[in-house]
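This report describes the fold, the surface and the side-chain contacts of one protein chain. Please look at the sequence and the structure before reading on.

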Amino acid sequence: PSLPHSARPARPWTRRKFKTETEIENWIQKYDADIQEKQEEYEQLVKIHKDEGILLFELESKIEAIESEYVQVVEDRKRRAEEKRIREEQIYLMGRAAVTIQSFWKGFKVRQLIKSFKKKK
């Protein structure tokens, strides 16, 4: 006599098949969870990249504006330094010229004095 289907002992290959299917289902769920986590991480990194790109653009714009001012300030400093150097050089040359003129004048006066002493004798 045969036993009803529900009362029959389970076949070993059926248990193994169920176990394998369960493992596969667990792997699929783990894969889906890992992929979901990686997708969220990717989206977060994309958002950070976008925000930093906007900030970079703003900073580059500010630097560009400041850089033009900086170049102007540097050129102004160079111009002032050159003007100062020219003034100092002129003062130096005028001083040397004054010393030269005074030396000639003193020499002239000394020669005049010597001539006048010679005439008196």
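## Report on a helical chain

Because D34 and K30 are four residues apart in helix α1, about one helical turn separates them. Their side chains meet in a salt bridge, with 3.1 Å from N to O; a salt bridge is a side-chain nitrogen of Lys or Arg within 4 Å of a carboxyl oxygen of Asp or Glu. D34 is partly exposed at a relative accessible area of 34%, whereas K30, at 52%, counts as exposed. In these terms, buried means under 20% relative accessible area, exposed means over 50%, and partly exposed lies in between (1.4 Å probe, protein chains only).

This is a predicted model, in which local features need pLDDT of at least 70 and side-chain atom pairs count only at pLDDT 80 or more, while totals for chains, interfaces and linings use all residues. Residues are numbered from 1 along each chain as its sequence is written, and side-chain values use heavy atoms, with hydrogens and water left out.

**The chain as a whole**

The chain contains one helix and zero strands. Helices (H or I, at least four residues) and strands (E, at least two) are DSSP runs, numbered from the N terminus. Helix α1 covers residues 12-120. Of the 121 residues of the chain, 0% count as buried. The accessible surface comes to about 12,400 Å², and 62% of it belongs to carbon and sulfur atoms; such areas come from the Shrake-Rupley method with a 1.4 Å probe, and for residues only the protein chains shown count as cover.

**Salt bridges**

The structure holds seven salt bridges. The table lists some of them.

| Pair | Closest N to O distance |
|---|---|
| R80 and D76 | 3.2 Å |

R80 and D76 both lie in helix α1, four residues apart, or about one turn of the helix. R80 is exposed at 53% relative accessible area, while D76 is partly exposed at 23%. E82 and R85 are three residues apart in helix α1, so about one helical turn lies between them. E82 is partly exposed with 36% relative accessible area, and R85 is partly exposed with 40%. Salt bridges that share partners also join D76, R79, R80 and E83 into one network.

**Patches on the surface**

Which residues gather in a patch of negative charge on the surface? They are E37, E40, E41 and E43. Patches are made of residues with over 30% relative accessible area and no salt bridge; like charges are joined within 9 Å, and nonpolar side chains (Val, Leu, Ile, Met, Phe, Trp, Tyr) within 5 Å. Asp and Glu count as negative and Lys and Arg as positive, while His and the chain ends are not counted. The place of a charge is taken as NZ of Lys, CZ of Arg, CG of Asp or CD of Glu. E43 lies in helix α1 and is partly exposed, at 46% relative accessible area.

A nonpolar patch is formed by I24, W27 and I28, which together have about 330 Å² of accessible area. I24 belongs to helix α1 and, at 41% relative accessibility, is partly exposed.

**An aromatic pair**

Rings of Phe, Tyr and Trp (its six-membered ring) pair if their centres lie within 6.5 Å; planes under 30 degrees apart count as stacked, over 60 as edge-to-face, and the rest as tilted. The count comes to one aromatic pair. The ring centres of W105 and F108 are 5.7 Å apart and the planes are at 35 degrees, so the pair is tilted. W105 and F108 are three residues apart in helix α1, and therefore about one helical turn separates them. F108 is partly exposed, with a relative accessible area of 37%.
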